[in-house]
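Subject: Two-chain model, handed over with notes

Dear colleague,

Please find below the structure that I am handing over to you. My notes on what was found in it follow directly after.

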Amino acid sequence: MTGDEECTSGELLTQALAGERAAFGALVRRYQRPVYSLALRMLSDRHAAEDLAQEVFLQLYRNLASVSSESHLGFWLRRVTLHRAIDRLRRTPRLEQFAPEELGDVAGESAQADPLLERRLRALVGELSPAARAVVLLRYQEDLDPVEIARTLRMPLNTVKSHLKRSLAQLRERMTERVEALT
Amino acid sequence: MSGGRNDEELERRLRGALGAVDPGTGFAPGVLARIAAEPRRPERPARAGAVVGWLAFGLAASVIIAILLAHQWQVQRLEQGREARRQLIEALRMTDQKLNLASRVVNGEEHGAPQEHSGV
């Protein structure tokens, strides 16, 4: 059996663990969007994000036996992606300074949304510190609650809450500056 | 922007701005190509687990064998002690018999001598 769309991720995991490359390929296709999106928002660089996301899936392939379930898989992918991204930002600080405005072709961008404002917001998120950025992405991109974020990043809950509060204040302040500059 | 209502608005905008991005159709084949180029396979952790399992089994077996050998050695030592004790008791018993015999002979000589003298 190969990795068909009707298979659950748990079934695909079992098949991939048995050595079926097609099942692993199906798992990659299923999780590539969230993994790549997290990498892209963290690194603000398409090539670096694609490379990092591929490395995450390679690591998953090598550690399939340690992933126990579908929910664990999602948790594992988020955690490894963000930790790798933070490590890469520490090693290559120039990526951190690069926050291109053109990273705006979001699949879910709605018609009533303000594309310019959203691009600006994405750029501002890219200017947050790596840890704060990871917290904001898990909260507003992955829709995790603070407890889940704390578990994913192995961070105290109060630190997560503090990052969220400060990041929102910083984003609001910079958005206001931007609006004032335009008017 | 300020206040709770503005926070909600900012959060709503953040959710809208941070949507998922598709890496493109070449992503999954790229991952699979990198996997194909790698010598390592996913069953490696299982093999490593099996090796660890066998090592644990070997260690446990060695400990059990060592305990059995120690027990056997102790039993052997006890048996040797018992044998030595038995031999000592036997030697004492034989000595006792010989001493008794010697004592009887000496006593017999002592009692017999006056009879000989009295007969003269």
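A crossing of two helices is called left-handed if the near helix is turned anticlockwise from the far one by less than a right angle, and right-handed if clockwise. Helices (H or I, at least four residues) and strands (E, at least two) are DSSP runs, numbered from the N terminus.

Before the details, please note that this is a predicted model, in which local features need pLDDT of at least 70 and side-chain atom pairs count only at pLDDT 80 or more, while totals for chains, interfaces and linings use all residues. Residues are numbered from 1 along each chain as its sequence is written, and chains are lettered from A and ligands numbered from 1 in the order in which they are written.

To begin with the chains themselves, chain A has 9 helices and 0 strands, whereas chain B comes to 3 helices and 0 strands. For chain B the corresponding figure is 9% of 120 residues. Within chain A, 54% of the contacts with a separation of 6 or more join residues 24 or more positions apart, a contact being two residues whose C-beta atoms, placed from the backbone, lie within 7 Å.

Turning to where the chains meet, 43 residues of chain A and 28 residues of chain B take part in the contact. On the side of chain A that touches chain B, the elements giving two or more residues are helix H1 (9–17), helix H2 (21–43), H3, helix H6 (115–126), helix H7 (130–140) and helix H9 (157–182); of these, H2(A) gives the most, with 11 residues. That side divides into 22 nonpolar, 11 polar and 10 charged residues, where Ala, Val, Leu, Ile, Met, Phe, Trp, Tyr, Cys and Pro count as nonpolar, Asp, Glu, Lys and Arg as charged, and the others, Gly among them, as polar.

One helix pair spans the two chains: the axes of helix H3 (residues 46–62) of chain A and helix H2 (residues 27–36) of chain B come within 10 Å and cross at roughly 50 degrees. Axes here are lines fitted to C-alpha atoms, for helices over the stretch in contact, and angles run from 0 to 180 degrees between N-to-C directions. H3(A) and H2(B) are therefore oblique to each other, given that angles under 35 degrees count as roughly parallel, over 145 as roughly antiparallel, 65 to 115 as roughly perpendicular and the rest as oblique. H3(A) passes H2(B) in a right-handed crossing, and the residues that meet include A:Phe57 and A:Tyr61 in H3(A) and B:Val31 and B:Arg34 in H2(B). By class, this contact has 6 nonpolar, 2 polar and 2 charged residues.

Inside chain A, H2(A) also packs with helix H4 (residues 70–91), at an angle of about 25 degrees and with the axes 10 Å apart, and the two are therefore roughly parallel. Their crossing, too, is right-handed.

Lastly, in helix H8 (residues 146–153) of chain A, A:Ile149, A:Thr152 and A:Leu153 are buried. These residues cover an arc of only 85 degrees around the axis, which puts them on the same side of H8(A); the arc is that of the directions from the helix axis to the C-beta atoms.

With best regards

Definitions and conventions. Buried ≥ 20, exposed ≤ 12 C-beta atoms within 10 Å, placed from the backbone.
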